[in-house]
Amino acid sequence: MAEFVYPPVIGAARTLFRALDLKFDIAGTEHIPRRGGAVLVSNHIGYLDFVFCGLAARPAKRLVRFMAKESVFRHKVSGPLMRAMKHIPVDRTQGMHAYKHALSALRSGEVIGVFPEATISESFTLKTFKSGAARLAQEAGVPLLPMALWGTQRLWTKGHKRELGRHHFPITIRIGEPIAADAAEQAETITDRLRARVQELLEAAQRAYPVRPRHPDDTWWIPAHLGGTAPGA
């Protein structure tokens with residue numbers, strides 16, 4: 001089926017990124033399958049994370065359908081766009097409907113994007129992962145694709161104003177090898193392995209990131225354990 005909305009939105013995002021002069025460092029795109037279903041799983045540190053996860057899937061020519069809170073779909077601007085791009089609304093009071101929607105999409109060969117922390121981490125460290133991503137991968141018989149983002153929190157995140165000026169921020173993205181979700185394994189055990197792998201990728205992204213605070217007080221986006229002033233986990 002033709003995609004009339006998603007490709008132009010991607011083009012607009014790329015234009016914005018060029019205007020902001022973002023410096024991308026993306027590694028591991030070869031791990032994203034060019035066909036077939038998969039559950040893409042990432043840490044969550046900023047409001048634009050879904051855009052960057054989707055960008056990392058473009059070399060494989062994949063369009064990622066993200067599971068996002070239902071309120072985003074009720075917004076007069078974002079709502080029509082989210083529906084046209086076939087993202088999946090999640091009403092936490094009726095989560096099974098979203099689960100079945102995602103499962104059907106996976107079985108039809110789509111890549112589904114999930115943030116298993118369920119909310120932005122204000123400490124910029126990994127929170128506990130929910131097991132839904134693992135259960136989806138198990139039931140659909142598809143792999144999990146671990147991913148880590150770093151630097152996206154500097155653009156726009158919870159509790160801080162948007163910084164969408166030409167600040168030349170670096171954005172680092174790391175994608176790991178697919179993780180099999182064996183139907184005979186406990187979903188919680190798979191989730192533990194998945195979280196450990198995302199943690200490894202996050203640390204790799206942080207090591208590769210050129211940490212250059214713009215002034216002595218510009219350390220709010222750096223976790224405390226790395227010498228910054230972000231709140232504790």
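**Entry 1: overall fold**

I started with the contacts in the protein chain between residues at least 6 apart in sequence, and 76% of them join residues at least 24 apart. Contact here means heavy atoms within 4.5 Å. The model is a predicted one: local features need pLDDT of at least 70, side-chain atom pairs count only at pLDDT 80 or more, and totals for chains, interfaces and linings use all residues. Residues are numbered from 1 along each chain as its sequence is written, and side-chain values use heavy atoms, with hydrogens and water left out.

I then looked up the secondary structure, which comes to seven helices and seven strands. Helices (H or I, at least four residues) and strands (E, at least two) are DSSP runs, numbered from the N terminus. From that end the elements run α-β-β-α-β-α-α-β-α-β-α-β-β-α.

For 233 residues, a compact globule would have a radius of gyration near 17 Å, and the protein chain agrees with 17 Å. The radius is taken over C-alpha atoms, and the globule rule is 2.2 Å times the number of residues to the power 0.38. The C-alpha trace spans about 50 × 40 × 35 Å along its principal axes.

I noted an accessible surface of about 11,600 Å² for the protein chain, with 54% of it belonging to carbon and sulfur atoms. Areas come from the Shrake-Rupley method with a 1.4 Å probe; for residues, only the protein chains shown count as cover. Buried residues make up 47% of the 233. Buried means under 20% relative accessible area, exposed over 50%, and partly exposed in between (1.4 Å probe, protein chains only).

**Entry 2: nonpolar cores**

Next I looked up the nonpolar cores, each a set of buried Ala, Val, Leu, Ile, Met, Phe, Trp, Tyr and Cys residues joined through side-chain atoms within 4.5 Å. The largest has 38 residues, and V39, L144 and W150 touch the most other members. At least two residues of this core come from each of strand 2 (38–42), helix 5 (95–107), strand 5 (111–114), helix 6 (132–140), strand 6 (144–150) and helix 7 (187–208). Helix 7 gives the most, with seven residues. A second, separate core of 30 residues includes A13, L55, F115 and F169.

I listed the neighbours of L144, not counting residues up to four places away in sequence: V39, V41, A133, A134, A137, E177, P178, I179, A181, I190 and L194.

**Entry 3: strand 6**

In strand 6, seven of seven residues are buried. Both faces are covered, with L144, P146, A148 and W150 on one side and L145, M147 and L149 on the other.

I checked its partners, counting two strands as paired if DSSP finds at least two bridges between them. Strand 6 pairs with strand 2 in the parallel sense over four bridges, and V39 stands opposite L144. Strand 6 also pairs with strand 7 (170–175) in the antiparallel sense over four bridges, and W150 stands opposite T172.

**Entry 4: helix 2**

Helix 2 (49–56) is mostly covered. Six of its eight residues are buried, namely D49, F52, C53, G54, L55 and A56. I found that their cover includes helix 1 (6–20), strand 1 (23–27), strand 2, strand 3 (64–69), strand 6 and strand 7.

I looked up H168 in the loop between strand 6 and strand 7. H168 is partly exposed, because its relative accessible area is 37%. Leaving aside neighbours within four places in sequence, H168 is in contact with L20, D21 and K23. H168 and K23 are 145 residues apart in sequence and 6.4 Å apart in space, C-alpha to C-alpha.

The side chain of H168 makes a polar contact with the side chain of D21 (2.6 Å). Such a contact is a pair of N or O atoms within 3.5 Å; within protein, one must be able to donate a hydrogen and the other to accept it, and residues adjacent in sequence count only if both atoms are side-chain atoms. The backbone oxygen of R166 lies 3.4 Å from a polar atom of the H168 side chain.

I found H44 in the loop between strand 2 and helix 2. H44 counts as buried because its relative accessibility is 13%. Beyond neighbours within four places in sequence, H44 is in contact with D49, F115, E117, T119, I120 and S121.

Last, I looked up S131, in the loop between strand 5 and helix 6. S131 counts as buried, at 18% relative accessibility. Not counting residues up to four places away in sequence, S131 touches A187, E188 and T191.
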